[in-house]
Amino acid sequence: MYFWLQMKCLTVRLAIVSTKLSIRRALLIRKARWRVKLVRAQIKARLTKRKAVKAAKDLIIPSLPGVSKLKLPEPPAPHLLSSNLPPSDSEIILVQKAIREAEATESQLKQKLVERIAAGQSSRGWETVTRHKIGQAARFIHQHKGILSPIRRIPLEILQEIFIWATPTVRVHTRWRPISELPWEFAQVSQPWRASALSISMLWNHLPAIQLKRSRAKTRRQVECLNELLRRSGEAPLDIYIHSSSFEGDTHPVIDTLVRHSERWQILSIDSTSFAIAAFRPAKGRLSSLKILTLQTHSRSTDAMPPTLDMFEVAPQLRAVYMSGHLPDLKLPFSQLVHYKERMVTTNRINQVAASSLLESLTILELSDDTIFPDVTIPHLVKLQVKFHYRSRTDCFDHLTLPAIEEIKIVSWGGNLIASLISMLSRSDTPCPLKTLSVRTESIEPDNLTTLLKLTPALVSLDTTIPFFHADIANLATREGHQPLVPMLETCKFYLEDVATRQTTQALNDLAASRCELANDSAATEMLLPGELRPLKSLSVYFDGSPWSHLQQAEFENWNATTTIMEIPEIVTARPARTKAFNRKWMERVGAILDSIEDFPLEDPNDVYVAGIHFSLKHLSEMKYPTVGRKCFCRRAKDILEKWHPLFLENLPRRHWTFQGPYSMVYVSGSDPIRTSPDALDIVYGLKDETTFPSVFWPMFMSHP
């Protein structure tokens, strides 16, 4: 009972704190908005004041006694001053003449002003009147030069082309386009621009993201806006994206409006429920322009749906289909598909889609573990991506033949599918055209990787789990007979789940020495002579950011601590939890550690590398901490590193493996340009061009294009 009361009190306290924070955040947001509104109002008030002062001067100064009126030519085309219409040839001649006369008047006034000021014969009132006349002449010239602006005379076709190129691009994998990205501004400049923008159907055919509203009033306004966009898009093919996570009706006014224009659908993306997909059944037989179809659901609502949906079965131009989620059984024109992607779909359509002789890319994600690809040849398949739910069968690819395959990405968290890949590639054309191979699997049996690479002499990029048998890596560095393995290889990556063994580390160093240090003479040609090798442009290992990565670097570089610098405790570079006052004990501890490092007589930089102190000092030097004693922490850390830099530079020729972000370590060859650049010390501290998270954890991002 007491524990329950404690938990209740804690829950109430947390709720109170959360409410206070929410109120404070809302007040801050409201204050920021009012501040922005106030600044805008102040700017608007200043501009209005300037206009009022200028208008008052234009009225008052010419009416003063003794002030002569400014003699400027009459505007030859006054209707052009209040519009953006292009001038005719005769109007251009008249405007140019008026500008020359106004410029002559302005020049005379300026010369007269300078002469009288130099002679001391001017008064303050006369100078004010004269400068006002000069301003009037300058405004006349500026206004009439605007009439002659080339942008007024741009042909309609070129202006429309500019509008199309200036329209913001959209991320293809999301299809999301907010309504604010529509080219409204093109139709709000002038009447000619508006007429031109409204006549370009391609500006309006990519509809903004459509959400199926429940409110009748909102739906009515949405339908009105949609009808206007459909009217502006003319007969152009439509790009449609529908997003609605909770739709469960049989139909919707928005869907009915879109179905009436189904002959114009070119790209259709539905991210909703199965009910929303079924609501498009009236479009059956009217999809003559559909080329790309994307269907994605997030809920298990297939029980209440018809067993089969066939509205997309007849679509003569459909070439790409992307499906994800729990979908009902869909009939699709598989025989004509060129690109197909499927993720977490309950029914297995591999046998159907593999029957397409036109297929060029195939992506199957979250595949059930007992799946076996059918006994079929896909003659034009260039790209294959497969991700099993957990563990693949050892014979999953044994019956598949891909004579034109160039890119393979396979993920199986359990088991070993390399033997099945070998079986599949052995039936490809000789030589196999595979150029990119990425495999993430639990383990690779001895000699499997070597056997696989013997079948792929054209391989350019290799990304695989580190082989269990270090001889597979050594075979990449040595020549078997007279023909080396994968002579065209340029990029090689290995994924580590733990610190590599000493034999594997040595094999990676041998691979780097034999392939990364090659001269670039043979790289200039596409064809290699028998026995030649193309130098590796990139050799790297990557991991999940584990703390043992520094131990792996020490293994690569063969570092051994020779002094007691390892006894110096690691610097805690994170700020203390307290925000109003720094933790004094923490500051004293860091200060004492810096005192120990400053007094340490460093002779071998390997001692620093093994301890990893240079990383802590580098991080500390880039932070802003308060001053304690003699200097602030960041300045003291910088001084220590600057004192060590000569030793680092002297040792640099013996450094080869450096970090490229927290997830990757890359080999730096002896001829790499960074060694002679001002950023040479990046080899010690880590390269600035860090490896991105998606490139390391690519199995998580296979659903993206």
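1. In this note, a residue is called buried under 20% relative accessible area, exposed over 50%, and partly exposed in between (1.4 Å probe, protein chains only). At 36% relative accessibility, threonine 451 therefore counts as partly exposed. Threonine 451 is found in helix H11, where helices (H or I, at least four residues) and strands (E, at least two) are DSSP runs numbered from the N terminus. The C-alpha atom of threonine 451 is separated by 9.0 Å from that of alanine 419, 32 residues apart along the chain.

2. The model is predicted: local features need pLDDT of at least 70, side-chain atom pairs count only at pLDDT 80 or more, and totals for chains, interfaces and linings use all residues. Residues are numbered from 1 along each chain as its sequence is written, and side-chain values use heavy atoms, with hydrogens and water left out.

3. Two residues deserve attention for their backbone angles. Most residues other than glycine have a negative phi. Aspartate 447, although not a glycine, has a positive phi of about 70°. Aspartate 447 lies in the loop between strand E13 (436-441) and helix H11 (448-454), and is partly exposed, with a relative accessible area of 40%.

4. Valine 486, also not a glycine, has a positive phi of about 35°. The loop that holds valine 486 runs between strand E16 (483-484) and strand E17 (491-495). Valine 486 is buried, its relative accessible area being 1%.

5. Helix H3 (residues 124-147) has 24 residues. From its first C-alpha to its last, H3 reaches 35 Å, close to the 34 Å expected at 1.5 Å a residue; the expected span is 1.5 Å times one less than the number of residues. Buried residues in H3 include Glu127, Lys133, Phe140 and Ile147.

6. The axes of helix H13 (residues 502-516) and helix H14 (residues 549-557) come within 9 Å and cross at roughly 60°. Axes are lines fitted to C-alpha atoms, for helices over the stretch in contact, and angles run from 0 to 180 degrees between N-to-C directions. H13 and H14 are therefore oblique to each other: angles under 35 degrees count as roughly parallel, over 145 as roughly antiparallel, 65 to 115 as roughly perpendicular and the rest as oblique.

7. In the contact between these helices (heavy atoms within 4.5 Å), Arg502, Thr505, Leu508 and Asn509 in H13 meet Gln552, Glu555 and Phe556 in H14. By class, this contact of H13 with H14 has two nonpolar, three polar and two charged residues. Ala, Val, Leu, Ile, Met, Phe, Trp, Tyr, Cys and Pro count as nonpolar, Asp, Glu, Lys and Arg as charged, and the others, Gly among them, as polar.
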